[in-house]
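Welcome, and take a moment to look around the model below. The report that follows walks through a few of its parts one by one.

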Amino acid sequence: MLRDIRKVAVIGAGPAGVATAKQLLAEDHFQAIDVFEQQASTGGVWNYNSYAPSQELSVPQSNPHQPLEEPRWESPGLVEQIQPKPLFVTPMYDQLESNIPHFLMKHSDDSSLEDQPLFAGHESVLQYLNRYAEGVRHLVNFRSQVYDVQLEKDRGKDQWLVCTKDLVSRRVTEKIYDAVVVASGHYYVPMVPDIPGIQRWNEAYPGAITHSKYYRTPDAFKDKKVIVVGNSASGVDIAAQISTVSSLPLLNSKRSAAPEHQRIAPWKLDMPEIAEFLAPSASRPRAVRFTNNEIECNIEAIVFCTGYYYSFPFLSSLRPPVIITGERVENLYKHIVSIPHPTLAFIGLPYKIIPFRTYEGQAAVVARIWSGRLSLPPHRQMRAWEAQRIREKGAGKKFHELANLEDFRYHNDLVDWALKAQPGKGDDEFTVPPRWSKEDEVVRKNIPAIKEAFAEMGHARHAVGSLDELGVTLRE
């Protein structure tokens, strides 16, 4: 068991960081729990702002090793005021609604999100997250950016030098911790593939290529011929929004066929992947060629909804490195614990998940391991888990993907593991989140159909707060 861990740093006060702080605090074991958040409030990526400097996007963008983002300030001169608000680019857009029903999305110990429409808007989710964080707000250092985390040894024991910068005063602070949780999310470095000809095309038509990270409203696409690249939840949603103002049909380029639940939309034309951006010419202006050899000309805007790289600039000195390709985090057990350095943990790496409950399960395990109540398996067994995961999913983007109810099985395994902890000062029955039930699984399988029925109600959907009101029949 890991022992003598008393001082813990948590990087990020979004949903993952807050869930972690709550679990650490509930252990009643740690002398110091310091949470560092570069924004002015909790909520993480759910903090919407209109700041979206798409001109800063590198095209292509295939390098995860990017420097930390410097903040912009809410308005000129505000940095001198008492409560300045640094702005960072988040993937939140103006009309975004959750793609998870509120009764699954909510934290296990706070059902107040169920007071909102079935799929809550981003403003409501942010308010919910801010309320949820109240119990740990006193632990959070706001406007504090972690710029470096260095591994040090003290009599053979790993310790961590955490270097932070106050974004208002620019004052730098260094402090030693026994353990570090990285809960800063993975929506920082956008992924724009290096397709043949893309760089020259972007230079010829500056501003035509962007990424979903910089999308806010469809206004800029009015009457334009648009390609949306990607078929993820955000890709489908953004394409639908843009189609309300763009020329039709909107072209939707994607690697794989649409899921069976997706209906054929009359406003879009499904296309395969883009094979090449063609050199500018009078005969084929603003043209791209797809993998089926079809060529489309006069393309005025392309939005890549192609996801993000994992990137943690503050861990760049760590060896072995945690980031190589950026498609996954290296040397992890159960997507959480660093195998070579088990006092370093990551919360919130998996995707295609029900996030808040997953974060709770991950944090419950980490808190109990570091308080000495729960054991990690032997080093060899943790390495074997990672190797098996690579054999099953590959060493790329699929490594952290938990689709098709795998996130439910993963969460339930974490709960079972956390409940094996030795008795502590708290009551694990109440601090460990519950397992997902069979009824939850049925709803999970039907989320696409539920979301589609909700969207079809138009403005009336805002008054729908339950499945009964929606009138959807769930398929087993």
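Tryptophan 160 stands opposite tyrosine 177 in β8, and cysteine 163 faces glutamate 174 of that strand. These pairs belong to a predicted model, in which local features need pLDDT of at least 70, side-chain atom pairs count only at pLDDT 80 or more, and totals for chains, interfaces and linings use all residues. Residues are numbered from 1 along each chain as its sequence is written, and side-chain values use heavy atoms, with hydrogens and water left out.

Strand β7 (residues 157-166) and strand β8 (residues 172-177) are antiparallel and share six bridges. Strands here are DSSP runs of E with at least two residues, helices are runs of H or I with at least four, and both are numbered from the N terminus. Two strands are said to pair if DSSP finds at least two bridges between them.

Aspartate 148 has cysteine 163 in β7 as its bridge partner. Together the strands make an open, antiparallel sheet of three in the order β6-β7-β8. At its edges are β6 (144-154) and β8, each pairing on one side only. From one strand to the next, the twist averages 20 degrees; axes are lines fitted to C-alpha atoms, for helices over the stretch in contact, and angles run from 0 to 180 degrees between N-to-C directions.

The table sets them side by side.

| Hairpin | Residues between the strands | Residue with positive phi | Phi |
|---|---|---|---|
| β6 and β7 | two residues | arginine 155 | near 55 degrees |
| β7 and β8 | five residues | arginine 170 | near 70 degrees |

A second sheet is built from five strands. It is open and parallel, with the order β11-β18-β12-β13-β14. Because β11 (209-211) and β14 (268-271) stand at the edges with a single partner strand each, one side of each is left without a neighbour in the sheet. Here, too, the twist averages 20 degrees from one strand to the next.

Strand β13 (residues 250-253) runs parallel to β14, and four bridges join them. Serine 253 has methionine 271 of β14 as its bridge partner. Helix α5 (residues 233-243) lies across β12 (226-229), β13 and β18 (301-304), at about 165 degrees to β12.

Now for some other helices. Which of their residues are buried, meaning under 20% relative accessible area, with exposed over 50% and partly exposed in between (1.4 Å probe, protein chains only)? In α6, 16 of the 16 residues are buried, so the rest of the structure largely encloses this helix. The end C-alpha atoms of helix α6 (residues 355-370) are 22 Å apart, in agreement with the 22 Å that its 16 residues should span at 1.5 Å a residue. Such an expected span is 1.5 Å times one less than the number of residues. Just after α6, glycine 372 has a positive phi of about 90 degrees.

Helix α8 (residues 406-418) has 13 residues and reaches 18 Å from its first C-alpha to its last, close to the expected 18 Å. Ten of its 13 residues are buried, so α8 is largely enclosed by the rest of the structure. Among the buried ones are Phe408, Tyr410, Leu414 and Trp417.

Contact means heavy atoms within 4.5 Å. Arginine 389 sits in helix α7 (residues 379-393), and it counts as buried because its relative accessibility is 5%.

Finally, step back to the whole protein. How many helices and strands does the protein have? There are eleven helices and 22 strands. The radius of gyration is 23 Å, close to the 23 Å that the globule rule gives for 476 residues, so the protein is as compact as a globular protein of that length. That radius is taken over C-alpha atoms, and the rule is 2.2 Å times the number of residues to the power 0.38. Along the principal axes, the C-alpha atoms fill a box of roughly 70 × 50 × 50 Å. Of the 476 residues, 54% count as buried.
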